[in-house]
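Student: Could we go through this model together, starting with how its elements are defined?

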Amino acid sequence: VSVDASRAIKQAMVDGTQLMEVEFPALLGYKTQFDDFSNLEMLDANRDFALELIPQLGVEGRPWVCLLDGDEVKLAKEAYPGAAYQRSAML
């Protein structure tokens, strides 16, 4: 999924798109529509997908990743103590 998303984002950038929202089924490949999963599992999957996707884009500068809410920002900072997430903030 991340390879397909990366390819589509790169093409949109070539076409001149500067701002975009990328949505994806976060638990695709891990859970089916009939499985039960927690909100925390979904938030973790969203964050992990974004972290996997960003390096594939090869963009210059610092791309922005917008997380759902303050709780997701907090979870990201706890899970990934590196500089990128530590600069994150609620807007």
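Tutor: Gladly: helices (H or I, at least four residues) and strands (E, at least two) are DSSP runs, numbered from the N terminus. This is a predicted model, in which local features need pLDDT of at least 70 and side-chain atom pairs count only at pLDDT 80 or more, while totals for chains, interfaces and linings use all residues. Residues are numbered from 1 along each chain as its sequence is written, and side-chain values use heavy atoms, with hydrogens and water left out.

Student: OK, where is Ser6 found, and is it buried or exposed?

Tutor: Ser6 is found in helix α1, and it is buried, with a relative accessible area of 4%; buried means under 20% relative accessible area, exposed over 50%, and partly exposed in between, using a 1.4 Å probe and protein chains only.

Student: What does Ser6 touch?

Tutor: Leaving out residues up to four places away in sequence, Ser6 touches Leu53, Gln56 and Leu57, where contact means heavy atoms within 4.5 Å.

Student: And how do α1 and α2 pack?

Tutor: Helix α1 (residues 2-14) and helix α2 (residues 39-57) pack at an angle of about 45 degrees, and their axes are 9 Å apart. The axes are lines fitted to C-alpha atoms, for helices over the stretch in contact, and angles run from 0 to 180 degrees between N-to-C directions. The two helices α1 and α2 are therefore oblique to each other, given that angles under 35 degrees count as roughly parallel, over 145 as roughly antiparallel, 65 to 115 as roughly perpendicular and the rest as oblique.

Student: Which residues meet there?

Tutor: From α1, Ser2, Val3, Ala5, Ser6, Ile9 and Lys10 meet Phe49, Glu52, Leu53, Gln56 and Leu57 in α2.

Student: Which residues make up the largest nonpolar core?

Tutor: That core has 5 residues, namely Ala5, Ile9, Phe49, Leu53 and Leu57, a nonpolar core being a set of buried Ala, Val, Leu, Ile, Met, Phe, Trp, Tyr and Cys residues joined through side-chain atoms within 4.5 Å. The largest share of this core, 3 residues, comes from α2.

Student: Changing topic, what about Val22?

Tutor: Val22 lies in the loop between α1 and α2 and is partly exposed, with a relative accessible area of 33%. The C-alpha atoms of Val22 and Ala8 are separated by 9.7 Å, the two residues being 14 residues apart along the chain.

Student: Last one: at what angle do α2 and α3 pack?

Tutor: Helix α3 (residues 70-79) packs with α2 at an angle of about 65 degrees, with their axes 10 Å apart. The contact is made by Leu40, Leu43, Asn46 and Arg47 of α2 and Glu72, Leu75, Ala76 and Ala79 of α3.
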